Amino acid sequence: MSAQVLERPELKDADTGPEMFHYVRKEKIAESAVMGTFVVALCGETFPVTKTPKPGSPVCPKCKEIYDSYKQ
C-alpha cells in the first residue's frame, strides 16, 4: 500500500495549534484535486484534497501511527 501526506488540513483555532495533514492513498490525490472527489485518510477522515503540505508540516498523529506500523 502506498500512502502520501494529504492535502486537506484540519482547521484549528489559533489557540489549539497548527493545521494538520493526513496520509491518503497516493493514486487518489490527483483525482480528488481535479474532480473534487473525497479521499479517505488512514485515520478514517474523509475530505476533498485542497492543499499540498510543505516539508515539515504537522501530520495527523493517528495517520502517522498507522503509516509507521506498515513500514515495520
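pLDDT is the predictor's confidence in each residue, on a scale from 0 to 100. The protein averages a pLDDT of 81, and 75% of the residues score at least 70. This is a predicted model in which local features need pLDDT of at least 70 and side-chain atom pairs count only at pLDDT 80 or more, while totals for chains, interfaces and linings use all residues. Residues are numbered from 1 along each chain as its sequence is written, and side-chain values use heavy atoms, with hydrogens and water left out.

**Figure 1. Overall fold and confidence of the predicted model.** The protein has two helices and four strands, where helices (H or I, at least four residues) and strands (E, at least two) are DSSP runs numbered from the N terminus. From the N terminus on, the order of elements is β-β-α-β-β-α. Confidence is highest in strand 3 (residues 38-40), at a mean of 94, and lowest in strand 1 (residues 3-5), at 62. Over residues 11-17 the pLDDT is below 50, and beyond near neighbours in sequence this stretch has five contacts in the model; a contact means heavy atoms within 4.5 Å. Where pLDDT is low, the predicted coordinates should not be read in detail.

**Figure 2. Surface and burial of the whole chain.** Of the 72 residues, 26% count as buried. Buried means under 20% relative accessible area, exposed means over 50%, and partly exposed lies in between (1.4 Å probe, protein chains only). Among contacts with a separation of 6 or more, 43% are between residues 24 or more positions apart.

**Figure 3. The aromatic pair of Y23 and Y67.** The structure holds one aromatic pair. Its members, Y23 and Y67, are stacked, at 4.5 Å centre to centre and 5 degrees between the planes. Rings of Phe, Tyr and Trp (its six-membered ring) pair if their centres lie within 6.5 Å; planes under 30 degrees apart count as stacked, over 60 as edge-to-face and the rest as tilted. Y23 lies in strand 2 (residues 23-25) and Y67 in helix 2, so the pair ties together parts that are 44 residues apart in sequence. Y23 is buried, with a relative accessible area of 11%, whereas Y67 is partly exposed at 23%.

Figure 4. C63 is placed in helix 2 and counts as buried, at 0% relative accessibility. Not counting residues up to four places away in sequence, C63 touches H22, Y23, A41, L42 and C43.

Figure 5. S32 belongs to helix 1 (residues 26-35) and is buried, with a relative accessibility of 1%. Apart from residues up to four places away in sequence, the residues that S32 touches are T37, V39, F47, P48 and V49.

**Figure 6. The two salt bridges.** A salt bridge is a side-chain nitrogen of Lys or Arg within 4 Å of a carboxyl oxygen of Asp or Glu, and by this rule the count comes to two. In one of them, R25 is joined to E27, the closest N and O atoms being 2.9 Å apart. R25 is partly exposed at 35% relative accessibility, and E27 is partly exposed at 44%. D68 and K64 also meet through their side chains in a salt bridge (3.3 Å, N to O). These two residues, D68 and K64, are four residues apart in helix 2 and so are separated by about one helical turn. D68 counts as partly exposed at 26% relative accessibility, as does K64 at 40%.

Figure 7. P48 is found in strand 4 (residues 46-48) and is partly exposed, with a relative accessible area of 26%. From P48 to V34 the C-alpha to C-alpha distance is 9.8 Å, and the two are 14 residues apart in sequence. P61 is found in helix 2 (residues 61-71) and is exposed, with a relative accessible area of 53%. The C-alpha atoms of P61 and H22 are separated by 8.7 Å, the residues being 39 apart along the chain.
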